[in-house]
Amino acid sequence: TNSSLYHLDINLSINYIYLMAVDNKIEWNFNNTYLSLPKIMLSEQKPDIVDKPEVVIINHALSKELGLNLLDLDDEYLASVFSGNSLPDGSKTISMAYAGHQFGHFTILGDGRTITIGEHVTQNNQGFEIQFKGSGKTKFSRDGDGKAALGPMLREYIISEAMHYLNIPTTRSLAVIKTGEKVIRETELKGAILTRVATSHLRVGTFQYFAYKKDDSNLKTLINFTINKHYPSLKNKENLYLNLIDKLMEKQIDLIVNWMRVGFIHGVMNTDNMALSGETIDYGPCAFMDQYDPKSVFSSIDHFGRYAYYNQPSIAKWNLARFAECLIPLLDSNKDKAIKLATDKINEFDKNYENKWLGMMRDKLGMIGNQKEDEVLILDLLQWMHINKADYTNTFGNLTYENMINDKIFHKDDFLKWKERWKIRLSVNNNGKTSEKTMKKSNPVVIPRNHLVEDALKTAETGDLEKTNRLLKVLSEPYKIQSSIQDLQTSPKPNKIPYKTFCGT
Ligand code: AMP
Ligand code: MG
């Protein structure tokens, strides 16, 4: 019965489902600002459903930093989420188009085996893109299968996390899941999916994509998005575009100086692997140097040493020039003037890099202030290390902590003579505590050495993660003297077969 005389026939088809508790046990808070990027660079893409997902490793420390709740969830649930078998609410799954210079040659590329499932916003209002690597084909897969194997995904997990704790900007790793499927490479391998976390996946190659298409309007949209996301302080500046080039140059110089500091060789510094955020991205053929050799190259396909240790700053500058070229149409309506502006800007690289590199080396050696003889002192040490095949990490470790490593190489006359010169230099400026402090902050006592990572991966293949977990634990405090880690600190004996790394595995 009606309490009133009248009856309103209202529409009840609208759905208030958003008031219901959703199954968001993980507490994702997706915002997905990337959806405002030009549509022609986004491809909606769902991850493949996999056969038998199984948790290999979950990064609880990172999940806590992100404000996620993974601790109380069972493995079956986590495996289903981090394999992409069940996508969380609010997830908008996309792959991105980009281009890039690979070993100097321009190509149209794109996310061939990665799918971003959402941008998670933390309580501090920081956005992190959550991306699956190895979850199947996308519009950009070309001849690839879109899949990934367990070894390389776990390797990225270990090395990217090690980089983070070395205080080097990097993408991070939240999870590795086995898919229960086979991946065909040279042999049959176990399939896996890595969950990568990055402030964004914008690369120099993303800009090259629009420049190649001569699409200035979308290029501008992309630039505004990038500035809002990564460099909001530039917003009200004059010469916005020149300032963006300058900012990226600063970020990349800082990054490469950090790589040089710890002996990291990225291995595939193509322009599509240089991130606008200044984070290290794309852990493929990367490796850490044991014995100091500036020409160190590990990548099996880098025949000419384009991406060798000593060449990393030059290549960064080369990549930055490719970035600046994309912005030429926006720099000035007079093309010649625009080219000159960009060229002069990029040529500032050398001086800036050299200053920062010198500063970094001074820190490693605890030298306070600037003295004329510093550069010679530094180069003499590097040359000694090179000639004597001394371990890079352990040489600086030996100078920082007298007894860290007991190797007869550090008792050699020429080393002791160099040390005397160094000690005299240290006494020039008041040092003591400050010297010691900068050295301890600059010189890791442990790094993810290639033979250790390989060994951990080999046992992880059999399902035993003890070595991996130990390595990760020790690498989470690389600047702290830890007990019983000598086996992780010793340089390996030179092998007859040189260590090689591989791309796209
Ligand atoms: P990278 O050397 O990892 O930077 O990869 C270069 C390009 O190859 C990128 O566009 C990747 O997305 C793509 N790629 C690498 N591996 C695969 C794969 N297994 N399937 C499809 N695309 C791939
Ligand atoms: Mg790449």
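Trainee: What percentage of the residues in the chain is buried?

Mentor: Buried means under 20% relative accessible area, exposed over 50%, and partly exposed in between, with a 1.4 Å probe and protein chains only. The chain has 505 residues, and the buried share of them is 55%.

Trainee: What should I know about the source before reading further?

Mentor: This is a predicted model, in which local features need pLDDT of at least 70 and side-chain atom pairs count only at pLDDT 80 or more, while totals for chains, interfaces and linings use all residues. Residues are numbered from 1 along each chain as its sequence is written, chains are lettered from A and ligands numbered from 1 in the order in which they are written, and side-chain values use heavy atoms, with hydrogens and water left out.

Trainee: What radius of gyration does the chain have, and why does it agree with a compact globule?

Mentor: The radius is taken over C-alpha atoms, and the globule rule is 2.2 Å times the number of residues to the power 0.38. The C-alpha trace spans about 105 × 60 × 50 Å along its principal axes. For 505 residues a compact globule would have a radius near 23 Å, which agrees with the chain's value of 25 Å.

Trainee: How many helices and strands are there in the chain?

Mentor: Helices (H or I, at least four residues) and strands (E, at least two) are DSSP runs, numbered from the N terminus. On that basis the chain has 16 helices and eleven strands.

Trainee: Which residues are closest to ligand 1?

Mentor: A residue is near a molecule if one of its heavy atoms lies within 4 Å of it. By class, Ala, Val, Leu, Ile, Met, Phe, Trp, Tyr, Cys and Pro count as nonpolar, Asp, Glu, Lys and Arg as charged, and the others, Gly among them, as polar. The shell around ligand 1 has two nonpolar, seven polar and eight charged residues. Of the 17 residues that surround ligand 1, the closest are Gly110, Gly112, Asp145, Gly146 and Asp282.

Trainee: How much of the area of ligand 1 does the protein bury?

Mentor: Polar contacts are pairs of N or O atoms within 3.5 Å; within protein, one must be able to donate a hydrogen and the other to accept it, and residues adjacent in sequence count only if both atoms are side-chain atoms. Oxygen atoms of ligand 1 take part at 2.7 Å from a polar backbone atom of Gly110 and at 3.2 Å from a side-chain N or O atom of Asn273, while a nitrogen atom of ligand 1 is 3.5 Å from a backbone N or O atom of Lys147. By the Shrake-Rupley method with a 1.4 Å probe, where for residues only the protein chains shown count as cover, ligand 1 taken alone exposes 490 Å², and the protein buries 86%.

Trainee: Which protein donors does the magnesium ion (ligand 2) have?

Mentor: Donors are N, O and S atoms within 2.8 Å of the metal (3.2 Å for Na, K and Ca); water is not among the atoms, so sites may look incomplete. Asn273 has a relative accessible area of 9% and is therefore buried, whereas Asp282 is partly exposed at 24%. At 1.9 to 2.2 Å from the ion lie the donors Asn273 (OD1) and Asp282 (OD).

Trainee: Where is Lys214, which has a positive phi?

Mentor: Most residues other than glycine have a negative phi. Lys214 has a phi near 50°. Its relative accessibility is 71%, so Lys214 counts as exposed. Lys214 sits in the loop between helix 4 (204-212) and helix 5 (216-230).

Trainee: Is Arg142 buried or exposed?

Mentor: Arg142 lies in the loop between strand 7 (127-133) and helix 3 (150-165). Phi of Arg142 is also positive, near 50°. With a relative accessible area of 55%, Arg142 is exposed.

Trainee: What does the side chain of Asp464 reach?

Mentor: Asp464 is in the loop between helix 14 (450-461) and helix 15 (466-475). At 38% relative accessibility Asp464 is partly exposed. Its side chain reaches, at 2.9 Å, the backbone nitrogen of Glu466.

Trainee: What distance separates the C-alpha atoms of Gly100 and Thr271?

Mentor: Gly100 belongs to strand 4 (residues 99-102) and is buried at 0% relative accessibility. Gly100 and Thr271 are 171 residues apart along the chain, yet their C-alpha atoms are separated by 5.1 Å.
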